[in-house]
Number of protein chains: 2
Amino acid sequence: MIAVDWGTSSLRLYRLDVAGMVLERRRSDDGVLASVGRFGEVLARGIDGWDDAVIILCGMVGGRGGWQEVPYLDCPAGIAELADGMQRIHPPGFDGRALWLMPGLRDLMSDSVPDVMRGEETQLAALLGNLAVGSHLVCLPGTHSKWVGVRDGRIQRIATAMTGELYAVLRQHSILGRLMPVEDGRFDAFAFDTGLRRSEQAGGMLHHLFGVRTAGLFQQVAEAALPSYLSGLLIGHELRASGAFSQKPRPAQVHLVGNDRLLASYAHALTSLGIGVQRHPEDLAAHGLYALWSRRTATRSIPESV
Amino acid sequence: MIAVDWGTSSLRLYRLDVAGMVLERRRSDDGVLASVGRFGEVLARGIDGWDDAVIILCGMVGGRGGWQEVPYLDCPAGIAELADGMQRIHPPGFDGRALWLMPGLRDLMSDSVPDVMRGEETQLAALLGNLAVGSHLVCLPGTHSKWVGVRDGRIQRIATAMTGELYAVLRQHSILGRLMPVEDGRFDAFAFDTGLRRSEQAGGMLHHLFGVRTAGLFQQVAEAALPSYLSGLLIGHELRASGAFSQKPRPAQVHLVGNDRLLASYAHALTSLGIGVQRHPEDLAAHGLYALWSRRTATRSIPESV
């Protein structure tokens, strides 16, 4: 089968064997935003040379503004609900193949404002088997960091923090960016820790943000290290307001899913705040899609024809 | 005398009589950023036809990147220190006139990160006479909102919140802006209050910001009302972390200085949180400069020659 993780800004394609091992992987910047109006064409080019009959896609490709919108499923949801929620689509140009889109998940119950995910539920599907007993907290850091509560193998709760996007817009468009070097440069662990500690002080985030400027102007933090300081400050605010601190009982550890660079920052921050971490690689989506497809074919008396 | 409030993005000029009454006022968008390299020329055009001998300037014109940098004075500072801290400059083209720049203020003691103001100290100078006894809290909302603690007529404490700038960059450059109408449109008091109440819930500001998107997507808040919702959310976070809540004893009221539109939002928010307000007009700078010049000439045995 072919597993496709098609997000807002990137496209990841995996060819899997019948046991779910990744035979080949490809990546491009043809994310959903760059592919509007030509999804079939972009996908056909992406899987060129792969003749597998089943293609399963997750991520924003199934959202509003994507190829075709698949409605959100409601939390709580586990492997069974996610596998059941797949929708087959029939775009032209894919005769002899079966294309399936994953639904996203929404959480209408945990908070007064709904929260959602689309793509991350598939990464989580690869983990849910290992989280089948008890309560667990998973964090998928990124542009929009997802904090996910899992109980007895089912996704119960979603809380998103806009950390990565706020970092980017402040860096590129605010007065804070003007003091900083154009490129982020080398990660400065000392400045990151200084920002992390700043986040626990009084005054609130809006005040702490202005302090990034004065910390630079008064040379408390070198200008080259200000990006790391800002990153530590924002991640600190994210962590302190997250389930890692508010959940009762406090989780003994947080499962982290993401790329090495981001995970290093989050693991360091959580550890220094006294919380254990367990890291998982970013390309869980391929394994999640395999697990979901296996579940779907195993529980249907007649597997959907191709 | 001529009083000049020359900030980052605007230039305000006032002609005052000997009693400090405003005879004439002018305003332009030739702020400091737009005037670099030609401050003398911009000022000469601004005061064209006014032959007063004394010109006093406050705001970013005296900051780094301004006409000439005047070092910050340290808090605590009152009328006496501010009047003493004026610096005369001698640019070409102003023969027969005396030009003075106001210093800014810095607060190195109240927090682990320094805080500063440049221009607001002059607005405050117009109020300090009325705040001569006891402790007072003044808020000057804006791009960078200033929260100022005054005790016995002297400025003790400065805390800046980046509220207005964060609103603008999120509005223009983040995913939140994409859901909103291009123009802010009519202020929506109900949505503002909804955002204000949201700010007191658990989850933290980074989570609440993502919720602006889902509140729009799930039609909890109409898209046209999302700017007011975001404004209420950010102002709520600013107020709850400000001295209005953290200062002990809690101040009975907050003095608000600024333009009518902003003051209406802040006054409404503070009142609904149970805190009284007293409003002051935005053009206090002219009165402050008059008060400072009067003080300076009254306390020098020989007024500086023109």
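Tutor: Let us begin with B:Arg26, which forms a salt bridge with B:Glu24; in this predicted model their closest N and O atoms are 3.6 Å apart. Look at how open these two residues are. B:Arg26 has a relative accessibility of 26%, so this residue counts as partly exposed. B:Glu24 is partly exposed too, with a relative accessible area of 34%. As a general point, side chains of opposite charge can pair when their charged atoms come close.

Now stay in chain B and find B:Arg15. The partner of B:Arg15 in a salt bridge is B:Asp51, and here the closest N and O atoms are 3.0 Å apart. B:Arg15 belongs to strand S2 (residues 11–16) of chain B, while B:Asp51 sits in the loop between helix H2 (39–46) and strand S4 (54–58), so the pair ties together parts that are 36 residues apart in sequence. B:Asp51 has a relative accessible area of 63%, over the 50% cut-off, and therefore counts as exposed.

Next, move over to chain A. A:Arg240 forms a salt bridge with A:Glu200, with 3.9 Å between the closest N and O atoms. Because A:Arg240 lies in helix H9 of chain A and A:Glu200 in the loop between helix H7 (189–198) and H8, this pair ties together parts that are 40 residues apart in sequence. A:Arg240 is partly exposed, at 25% relative accessible area, whereas A:Glu200 is exposed, at 51%.

Salt bridges can also link up with one another. In chain A, a network of them joins A:Asp30, A:Arg38, A:Glu41 and A:Arg45. Over all chains, the structure holds 23 salt bridges.

What about the place where the chains meet? Two salt bridges are found across the interface of chain A and chain B. One of them runs between A:Asp111 and B:Arg198, whose closest N and O atoms are 2.8 Å apart. The interface also has 19 residue pairs in polar contact. Several elements of chain A give two or more residues to the side that touches chain B, among them strand S9 (115–117), strand S12 (154–161), helix H5 (163–173) and helix H9 (226–241). Helix H8 of chain A gives the most, with nine residues. By type, the residues on this side of chain A divide into 23 nonpolar, 14 polar and eight charged.

To see the setting as a whole, note that 45 residues of chain A are in contact with 45 residues of chain B. The area buried between the chains is about 3,900 Å², and carbon and sulfur atoms give 68% of this area. A:Met162, A:Leu206 and A:Phe210 supply 19% of the area that chain A buries against chain B, more than any other three residues. The copies meet through the same surface, because 100% of the interface residues of chain A are also interface residues in chain B.

Finally, here is how the two chains are related.

How values were computed
Residues numbered from 1 in each chain as written. Chains lettered and ligands numbered in written order. Predicted model: local features only at pLDDT ≥ 70, side-chain atom pairs only at ≥ 80, totals over all residues. Heavy atoms only, no water. Contact = heavy atoms within 4.5 Å. Buried area = accessible area lost by both parts, 1.4 Å probe. Salt bridge = Lys/Arg side-chain N within 4 Å of Asp/Glu carboxyl O. Polar contact = N/O pair within 3.5 Å; in protein donor to acceptor, adjacent residues only side chain to side chain. Helix = DSSP H or I, 4+ residues; strand = E, 2+ residues; numbered from the N terminus. Nonpolar A, V, L, I, M, F, W, Y, C, P; charged D, E, K, R; others polar. Buried < 20%, exposed > 50% of the residue type's maximum accessible area, 1.4 Å probe, protein only.
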